[in-house]
Amino acid sequence: MKDNELSNILDRKTGAIYIRVSTDRQEELSPDAQRRLLLDYAKEHNIDVPAEYIFQDNGISGRQAKKRPAFQNMIALAKSKEHPIDTIIVWKFSRFARNQEESIVYKSLLKKNDVDVVSISEPLVDGPFGSLIERIIEWMDEYYSIRLSGEVMRGMTENAMRGNYQSDAPIGYRSPGGGNPPVIDPDTVQIPIMIKDLFLSGSTTLQIARRLNDLGYQTKRGNLWDARGVRYVLENPFYAGKSRWNYTERGRRLKPTDEVIYADGNWEPIWDDDTVHEIQQRLAMNMRKVKSRDVSTAKHWLSGLLICSSCGSTMAFGGATNRRGFQCWKYAKGQCNESHFISTKQIEALVIGYLEQVTVANDISYSVIAAAASDNGSRLAELERQLQKIDAKEKRIKAAYQNGIDTLEEYKANKDALNNERRIIDDSIRELTPSDDVQDKELLDQKMRQNISDLLCVIKDDSIDYVRKGNMMRNVVDHIVFNRKETSLDVFLKLVI
């Protein structure tokens, strides 16, 4: 073997190739072109590149290395004790990183492991001057990325002001692509409609989430529903045909109101502005001055309603098994000077006794809460359309069973789900159907007494769970102030009309 051949063998190195395709529309080489040039360079410089050492990230920004899986795998390989690679070859340093700080960190880390990073289109001279040139190139890459990001944001802002939606459409809609506006998804549109109807019928966001999960409905990402997801649907102006842009920043933190862009969208809404107003009013009404836990997460149907007469704080439910009751939470923390403990049995008897007296009293005191005005005709028409869709779905699932596509068990499960949807819509239609109530004091008192009578039937029935009892209480009672010294109640009733 000749000396120069032996020298070539001894000088051969093992390298890795990193290819990244940007998310922006800048002029750049395709992945295949980058691969070809990088392999040619490796061959000319006696660098062996095994196929498994070719790493590629497609359509990913270079500003955050942690979001590039192929890049992270390559770095992990380079750091390993086996020292499998000597060189990482890139087309440009901007492919390696566009964040100068990260670029310096990763290159320093690689340097400690005797791994070089080589740009085939930006050759550097050895020595301090070469390092200076490399830092200048990195700074220019980062500056370009920042400037490009600003231009993209300006373009997207302009697009948002025209009413174009620039994200994946929320549940109930789908994005057809090609610059076309979102369209209603017939397979999922019942979900936001059900959320809206249940909420306006008095259900809490947590109860709605549980109902959706019980029915087998999933979020847009295929996850279980929670109260936060339900609230997001209710607060999203998209469903009323409004585009909202620049709403949050990284970490989902809300931006100042004056920075948010609203515009009329170019897609079909599924509810109107009056419904939005009604939802907002109900959401605001649920933000109680005395914050209480959702009754479905509480341990008693009076939880969150009882108020300490000394300090005005909520009374919490708890205590030993043989001495369960309510106590001012601030007293338990040493922040209230007067104990207000009352056993469960005592407080239930007091509340029931008070409500029984009210039903036969000559005069009854309560607050009248006017429900938000809404276009009931429009809502009824919308609900009727949903019933028609359910009828059509029922025919399809029946045909699928008869044609042997679905099993009997699948057919029954699908039919049960449709029946549940139909019951919810029927209940909403009944609530929206005009009644003969006359808004005079005598009839209002009569309605209030009827509501209290219905409440008494529920809370006296041991077979009814505390969630339903708690919801009924909150429909009739705003809060109850308990005075321990006098063992008396001051009950604040409400009538929603």
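Which backbone oxygen does the side chain of Ser 119 reach at 3.3 Å? In this predicted model, the side chain of Ser 119 reaches the backbone oxygen of Trp 91. To see where this happens, start with the strands around the residue.

Ser 119 belongs to strand 5, which covers residues 116-119. The residue is buried, because its relative accessible area is 4% and the limit for buried is under 20%. Setting aside neighbours within four places in sequence, Ser 119 is in contact with Val 90, Trp 91, Lys 92 and Phe 93. One of these residues, Val 90, is part of strand 4 (residues 87-90).

Strand 4 is the next place to look. From this strand, Thr 87 and Ile 89 point one way, while Ile 88 and Val 90 point the other way. Are these four side chains buried or exposed? Thr 87, Ile 88, Ile 89 and Val 90 are all buried.

Strands of a sheet pair through backbone hydrogen bonds, and the pairing is either parallel or antiparallel. Strand 4 runs parallel to strand 5, and 4 bridges join the two. Strand 4 is also joined to strand 1 (residues 13-21) by 3 bridges, again with the strands running parallel. Ile 89 can be followed in both directions. In strand 5, its bridge partner is Val 118, and Ile 17 stands opposite Ile 89 of strand 4.

Strand 14, residues 325-328, pairs with strand 15 over 2 bridges in the antiparallel sense. At one of the paired positions, Gly 325 has Ser 343 in strand 15 as its bridge partner.

The last topic is the cysteines. How many disulfides does the count come to? The count is 0. Consider Cys 311, whose closest cysteine sulfur is that of Cys 328, at 3.5 Å. A disulfide needs the two sulfur atoms within 2.5 Å, so the sulfur of Cys 328 is too far from that of Cys 311 for a bond. Seen from Cys 328, the closest cysteine sulfur is likewise the one in Cys 311. The surroundings of the two residues can also be described by accessibility. Cys 311 counts as partly exposed, because its relative accessibility is 33%. Cys 328 has a relative accessible area of 0% and is therefore buried.

Methods
Residues are numbered from 1 along each chain as its sequence is written. This is a predicted model: local features need pLDDT of at least 70, side-chain atom pairs count only at pLDDT 80 or more; totals for chains, interfaces and linings use all residues. Side-chain values use heavy atoms; hydrogens and water are left out. Two strands pair if DSSP finds at least two bridges between them. Buried means under 20% relative accessible area, exposed over 50%, partly exposed in between (1.4 Å probe, protein chains only). A polar contact is a pair of N or O atoms within 3.5 Å; within protein, one must be able to donate a hydrogen and the other to accept it, and residues adjacent in sequence count only if both atoms are side-chain atoms. Contact means heavy atoms within 4.5 Å.
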